[in-house]
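Hi everyone, and thanks for coming. I'd like to walk you through a structure that may be new to you, so please have it up on your screen.

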Amino acid sequence: MSGPPFAFAASPAPVEGNDGMVVTAQHLASRIGVDVLRDGGNAVDAAVAVGYALAVVYPTAGNLGGGGFMTIRLADGTSTFLDFRERAPKAATRDMYLDAAGEPVPGASTDTYLAIGVPGSVAGFEMAREKYGTLGRDRLIAPAIALARDGFVLEPGDIASFTDGNDMLAKDPAASRIFLKDGEPLSLGARLVQSDLAGSLQAISDRGADAFYQGEIADLIVKASEANGGILAKSDFEDYAVRELEPVACNYRGYDIVSSPPPSSGGLVICEILNVLEGYPISYLGYGSAETTRLMVEAMRHAFVDRNTALGDPDFVENPVEKLTSKAYAEEIRARIDPYRAGVSEELTPASAAESRETTHYSIIDKDGNAVAVTYTLNGSFGTGKVAEGTGILLNNEMDDFTSKPGVPNLYGLVQGEANAIEPGKSPLSSMSPTIVSRDGKPFMVIGSPGGSRIITITLSAIMNVIDHGMDISEAIDAPRIHHQWLPDRVYMEPYALSPDTLRILAGMGYTVGIDPDWTIWGEAAGILVGGRDLREIEAGTGTARYYGAIDSRATAGAAIGY
Ligand code: DON
């Protein structure tokens, strides 16, 4: 038998397709993406249409008022990265979330108008469409407009995505009028109509990104911000610019990986961890074994200390990209891993130095093999939960991803430093990791997930599960996960991720392992595998379809749709 041994994770079979595959967290959006592909659009066209559609049908994370990243790998083998993440307003200051005593004001960076970064999603989609798409703006936005204007019927998965947000949305008059009925949560079977959002989308369809950044939408958001103690100014919107960047690239056991560069930490951290793990026979050691787990944990510990201390917006800090992706640095880290005892996070600390969360990831591939991975977000579920009157647009709380105060954990428990301090015009450091893997010049896998700091380890695990453990894309995404992020110095696990015997071995080595009660749902990965159901089929050339897609079984409303 060639390739790694089979792992028998119990998961639904992947969805098959020969001409295209769209995997998103909401089934109506997946359908819209497939329709674009069927109409002759390419993967970027589909990604743009899905981006606008999710802003309507998945308001917990899909957005016009947030930001994100798009990793594109074209059929000719070239790849690029669009950074449309939020930027800090010009009036932002380093200590804006601290009180007179220098302590963080609870909720200031998450629940107030001060939490809002200048949104990038519309600029990102429009740049993607203009540079890499083939269809017109009206064609790509029309399905979203129809869903906002006519509404859509809420199914159980949609209702579930509102559960965490209802209380917060109820506090904002504009949000409450849209997302609640007479102050009560929307019920199963209700139709969610978003007329103001339809108007905003129509304006963007008619006049492009200018309608958002130069025109009436920016005016309405600035007005709401000024009325509610915020600092957003019209010039923040006028000056917003998407950055087109080189993706971070590395090679793991012969597979070429492109993923998110700074201002995301995702690609660098994934590459650093994979480079370390490449030195060990992970496939032989097996999924979920004590040895595989501790090697993953130690690699994560080292990579997250680098993440949390060294990385930031590339226009403001010098990111050690070369070092963190180098095989020599991985070798250094391996040499520091004690084979018998758990590492100690505090010893790695450089000398100088629970609430609901939602983001969404989608993966698309077209008939020509163009692949697109998008992760975008409002940060927390429904962001700030605030809608600027008249726009229907939910506003992000991305500013919380900055270091409010060195050493104080953020929403995701990340303890960060100076490189990620708040500065005007700067993007906060992200963990979002839209990733595309190729082999021998051909697309192999498209993957990513929401999950705050866990995005990195979720994406990493899915890649390892396919390459090292031989799982199909559905098993690779569904398999229970572990996570370590340097601080707090604990190994987090999903239920059933590790057997009692394994836990005893790890405890004996000094690891603290446990289920994190604050994280009941670990992301919603969306993935595509090309050429076979799993590595064995791909290598043997016995795949019956070209594309295999899977949405995380943890997701409640999503769908992989192929054609
Ligand atoms: O950019 C980041 O890393 C975070 N704002 C992502 C937030 C997130 O994934 C929340 N979802 N579960």
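Let me begin with one term: contact means heavy atoms within 4.5 Å. Also keep in mind that this is a predicted model.

With that term in hand, let's go to helix H17, residues 327-336. Which residues of helix H17 are buried? They are Tyr-329, Ala-330, Ile-333 and Arg-334. These residues span an arc of only 145° around the axis, so they lie on the same side of H17. Turn to the other side of H17 and you find Ala-328 and Ala-335, which are exposed. And what covers the buried residues of H17? The cover includes H13, H15 and helix H16, residues 321-324.

Two of those covering helices are worth a stop of their own. Let's take H13 first, which runs over residues 266-277 and holds Gly-267. Is Gly-267 buried or exposed? Its relative accessible area is 0%, and because buried means under 20%, Gly-267 counts as buried. If we set aside neighbours within four places in sequence, Gly-267 is in contact with Val-248, Ser-259, Ser-260 and Ser-433. Here is one more pair you can look up on your screen: Gly-267 and Val-321 are 54 residues apart in sequence, and their C-alpha atoms are 10.0 Å apart in space.

Now for H15, residues 290-310. This helix packs with helix H21, residues 500-508, at an angle of about 50°, and the two axes are 9 Å apart. That angle is why H15 is described as oblique to H21. The crossing of the two, H15 and H21, is right-handed. On the H15 side, the contact is made by Ala-290, Thr-293 and Arg-294, and on the H21 side by Thr-502, Ile-505 and Leu-506. Sorted by class, the residues in this contact of H15 with H21 are 3 nonpolar, 2 polar and 1 charged.

Let's look at another helix pair. Helix H5, residues 137-150, and helix H9, residues 195-207, have axes that come within 8 Å and cross at roughly 170°. Because of that angle, H5 is roughly antiparallel to H9. The residues of H5 in this contact include Arg-137, Ile-141, Ala-144 and Ala-148, while those of H9 include Leu-197, Leu-201, Ile-204 and Arg-207. By class, the contact of H5 with H9 has 8 nonpolar, 3 polar and 5 charged residues.

Next comes helix H6, residues 156-163, where Gly-157, Asp-158, Ser-161 and Phe-162 are buried. They cover an arc of only 145° around the axis, which means that they sit on the same side of H6. Which exposed residues does the face turned away from the buried side of H6 carry? Those are Pro-156 and Thr-163. Over the buried residues of H6 there is a cover that includes helix H2 (43-57), strand S5 (152-153), helix H7 (166-171), helix H8 (173-179) and strand S8 (191-192).

My last stop is Asn-465, in helix H19, residues 454-467. With a relative accessibility of 4%, Asn-465 counts as buried. What is Asn-465 in contact with, leaving aside its neighbours within four places in sequence? The partners are Tyr-287, Gly-470, Met-471, Ala-476 and Ala-479.

Definitions and conventions. Residues numbered from 1 in each chain as written. Predicted model: local features only at pLDDT ≥ 70, side-chain atom pairs only at ≥ 80, totals over all residues. Heavy atoms only, no water. Axes fitted to C-alpha atoms, helices over the stretch in contact; angles between N-to-C directions. Helix = DSSP H or I, 4+ residues; strand = E, 2+ residues; numbered from the N terminus. Parallel < 35°, antiparallel > 145°, perpendicular 65-115°, else oblique. Left-handed = near helix turned anticlockwise from the far one by under 90°. Nonpolar A, V, L, I, M, F, W, Y, C, P; charged D, E, K, R; others polar. Buried < 20%, exposed > 50% of the residue type's maximum accessible area, 1.4 Å probe, protein only. Arc of directions from axis to C-beta.
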